[in-house]
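Thanks for coming, everyone. Let me put the model on the screen and walk through it.

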Amino acid sequence: MNLIKQLFGFYINSSIHVALSVYAMTWITLFELGLNYDESVLYFVFYATITGYNFVKYFGIAKFRHKALAKGLKLIQFLSFLSFILLCYYGYKLEFRTLVFLVGLGLLTFLYAIPFSIKKQLTLRNVSQLKIYIIALVWTGVTVFVPILNYNLCLNNDMILLGLQRFVFVIVLMFPFEIRDLKYDHLSLSTIPQRIGVKRTKVLGAILMLLFFIVEFLKDNINILDIAILSVITLITILLLVLSQITQRKYYSSFFVESIPIVWLLLILILS
């Protein structure tokens with residue numbers, strides 16, 4: 001049992017789970033755009049997520065405690081290095097325009113973790129009210145617009161609405177994390193729960209998810225099965241948001257909330 005807990009902890013802490021979520025959302029985009037399974041795009045996204053998230057989470061620790069790293073963190077470093085090699089391999093297979101776009105997202109991720117003001121140790125992550133929108137922007141860029149660019153598709157109304165839906169969806173997914181982190185976040189971050197409170201954050205999240213669902217009806221191509229699946233995902237997301245608390249189980253947000261995109265993909269695979 002202890003081994004299972006350790007493996008599960010490594011699975012979460014090494015960002016494999018969040019990488020599967022990003023992978024799932026990218027595959028969902030391929031389904032929605034009527035595109036075939038693209039190994040290069042999907043595997044690149046998976047390995048880039050592991051590399052990027054671990055860089056953001058562990059950069060400071062690795063920098064200042066390199067010689068005294070715990071065994072688990074050393075394994076995460078090794079996984080991150082291996083993922084970086086693989087993202088380079090699959091990145092080589094992507095179109096040049098896609099790589100240019102990814103460089104922009106990569107720079108945003110870099111500034112999110114690395115101080116651009118040495119004296120104040122200021123990063124984009126610490127800029128008031130900005131954190132949640134940067135994450136939503138990067139996730140939307142990777143999971144929606146990377147496939148569009150790599151297939152050289154002409155941007156249309158449905159793609160723009162898909163991007164809007166994804167941006168809103170990711171913001172709402174972040175709310176349980178922000179609620180959990182209320183007891184840790186400095187007031188200067190001015191997160192949404194800090195500004196409007198937990199109850200209003202949940203109400204706002206529910207309204208945004210309803211917007212997320214309604215936008216589906218504005219698309220040119222409307223599919224009844226997609227609407228049915230989207231209604232289930234909307235309800236699950238609202239439920240997990242409503243049940244989120246400041247004091248929550250260790251993996252409530254990092255496993256259950258981040259599993260929603262995986263459940264979404266599984267519903268599509270099973271019912272399509």
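Helix α7 gives the most to the lining of the second largest cavity, with four residues. Helices here are DSSP runs of H or I, at least four residues long, and strands are runs of E, at least two long, numbered from the N terminus. A word on the source: this is a predicted model, where local features need pLDDT of at least 70, side-chain atom pairs count only at pLDDT 80 or more, and totals for chains, interfaces and linings use all residues. Residues are numbered from 1 along each chain as its sequence is written, and side-chain values use heavy atoms, with hydrogens and water left out.

Back to that cavity. Its lining is Ile135, Trp139, Val170, Leu173, Met174, Phe177 and Glu258. Both α6 (131–150) and α7 supply at least two residues of this lining. By class, six are nonpolar, none is polar and one is charged. The classes: Ala, Val, Leu, Ile, Met, Phe, Trp, Tyr, Cys and Pro are nonpolar; Asp, Glu, Lys and Arg are charged; the others, Gly among them, are polar.

What volume does the second largest cavity have? About 50 Å³. The search of the whole structure finds two cavities of 30 Å³ or more. On a 1 Å grid over the protein atoms alone, a cavity is a set of points where a 1.4 Å probe fits but cannot get out; a pocket is an open set with protein on both sides within 12 Å along at least five of seven lines; lining residues have an atom within 4 Å of a point. Points are joined across faces, edges and corners, and a volume is the space filled by probe spheres set on them.

Now the two helices themselves. The axes of α6 and α7 come within 8 Å and cross at roughly 145°. The crossing is right-handed. On the α6 side, the contact includes Ile135, Ala136, Trp139 and Thr140; on the α7 side, it includes Arg166, Val170, Met174 and Glu178. By class, this contact has 16 nonpolar, three polar and two charged residues. Contact means heavy atoms within 4.5 Å. Axes are lines fitted to C-alpha atoms, for helices over the stretch in contact, with angles from 0 to 180 degrees between N-to-C directions. Right-handed means the near helix is turned clockwise from the far one by less than a right angle; anticlockwise is left-handed.

Next, the second largest pocket. About 360 Å³ of space lies there. It has 19 lining residues, and Phe31, Glu32, Leu33, Asn221 and Asp226 are the closest to its centre. Helix α10 gives the most to this lining, with four residues. The lining splits into 10 nonpolar, four polar and five charged residues.

Are they buried or exposed? Serine 83 is buried, with a relative accessible area of 1%. Buried means under 20%, exposed over 50%, and partly exposed in between, using a 1.4 Å probe and protein chains only. Serine 83 lies in α4 (residues 71–91). Leaving out residues up to four places away in sequence, serine 83 touches Tyr47, Ile50 and Thr51.

Serine 254 is in α11 (residues 252–256). Serine 254 is buried too, at 12%. Its contacts, beyond neighbours within four places in sequence, are Ile12, His17 and Phe177. Phe177 also lines the second largest cavity.

Last, the whole chain. There are 12 helices and zero strands. Buried residues make up 47% of the 272 residues. Of the contacts with a separation of 6 or more, 72% join residues 24 or more positions apart.
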